Amino acid sequence: PWHGDLSSSVKVLQWRHKAEKSKYNELLAKAQSPNCSHRDAKLFRRRFRVPVEVYNMLYARAKQVFSTKAFGVGNGKGAHAAPLSNKILACLRIVGRGLDYDTVAWESGLSESLIKKFFPTFVRWLGVEVYADEVTVPSGESLQHALKVYRIHGYPGCMCSVDGVHVAWDCCPAGSRWEYTGKEGYPTLAFNVCVTHTREIIHVS
């Protein structure tokens, strides 16, 4: 009961199977295991730039926002959707490592066109909804802890550190390249990031 060309449907199933068996899922399964070793947890954080606990939070919230299609939905036609876990991990690789769509597609087992479509939507959701809830100025005990750390190091009254980061802007308009090109030699977008001594981001501008 396939809809459309059989060969196309088979290719979709092959893509989905590849995604489910990717290194992303293998590393995620190890990091989420009750017997997870320190090495696996550290490797997950290094590869995706977030602890597995943060990933779990993002996945739980994303399930409420991004719909997933089970196998056979729609009068039994079509394969199930690509795993949401892979799509999120692919986005984290792009954001955290600056990888291109082609590389992430090869790693995750997802199609490049799918990642190109999902990534902007996911990042917009992160910036609008998740950022507002998760990135906040310390208060109460967390504020006192942040102040204490800097006071011990000789900076009373300070609660965070600020530094700038330049992110490559591959799609910079040709007419503006000179304006956004600095010491890096290529166009970038600059962000000032405020973090506590425990590396908790509290503001980005």
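1. Helices (H or I, at least four residues) and strands (E, at least two) are DSSP runs, numbered from the N terminus. This is a predicted model, in which local features need pLDDT of at least 70 and side-chain atom pairs count only at pLDDT 80 or more, while totals for chains, interfaces and linings use all residues. Residues are numbered from 1 along each chain as its sequence is written, and side-chain values use heavy atoms, with hydrogens and water left out.

2. On confidence, pLDDT is the predictor's own score for each residue, from 0 to 100; the protein chain averages 84, and 83% of the residues score at least 70. Where pLDDT is low, the predicted coordinates should not be read in detail.

3. The sheet is open and consists of three strands in the order β1-β2-β3, with antiparallel pairing. Its edge strands are β1 (161-168) and β3 (201-204), each of which pairs on one side only. Neighbouring strands of this sheet are turned by 30° against each other on average, direction ignored.

4. Looking at the pairs in turn, β1 and β2 are joined in the antiparallel sense over eight bridges, and histidine 166 has alanine 190 in β2 as its bridge partner. Strand β2 (residues 188-195) and β3 also pair in the antiparallel sense, over three bridges. The hairpin of β2 and β3 has five residues between the strands, and in this hairpin arginine 199 takes a positive phi near 70°.

5. For the helices, axes are lines fitted to C-alpha atoms over the stretch in contact, and angles run from 0 to 180 degrees between N-to-C directions. Angles under 35 degrees count as roughly parallel, over 145 as roughly antiparallel, 65 to 115 as roughly perpendicular and the rest as oblique. The axes of α2 (residues 23-32) and α4 (residues 52-63) come within 10 Å and cross at roughly 110°, which makes α2 roughly perpendicular to α4. Leu28, Ala31 and Gln32 in α2 meet Val52, Tyr55 and Asn56 in α4. The residues of this contact divide into four nonpolar, two polar and no charged, where Ala, Val, Leu, Ile, Met, Phe, Trp, Tyr, Cys and Pro count as nonpolar, Asp, Glu, Lys and Arg as charged, and the others, Gly among them, as polar.

6. Helix α2 also packs against α3 (residues 38-48), at an angle of about 135° and with the axes 8 Å apart, and the two helices are therefore oblique to each other. Their crossing is left-handed, a term used if the near helix is turned anticlockwise from the far one by less than a right angle, and right-handed if clockwise. On the α2 side Tyr24, Leu27, Leu28, Lys30 and Ala31 meet Asp40, Leu43, Phe44, Arg47 and Phe48 of α3; by class, this contact has seven nonpolar, no polar and three charged residues.

7. Further along, the axes of α6 (residues 101-108) and α7 (residues 112-134) come within 9 Å and cross at roughly 115°, so α6 and α7 are roughly perpendicular to each other. The crossing of α6 and α7 is right-handed. Tyr101, Asp102, Val104, Ala105 and Ser108 in α6 meet Glu112, Ile115, Lys116 and Phe119 in α7, and these residues divide into five nonpolar, one polar and three charged.

Methods:
Contact = heavy atoms within 4.5 Å. Pairing = 2+ DSSP bridges.
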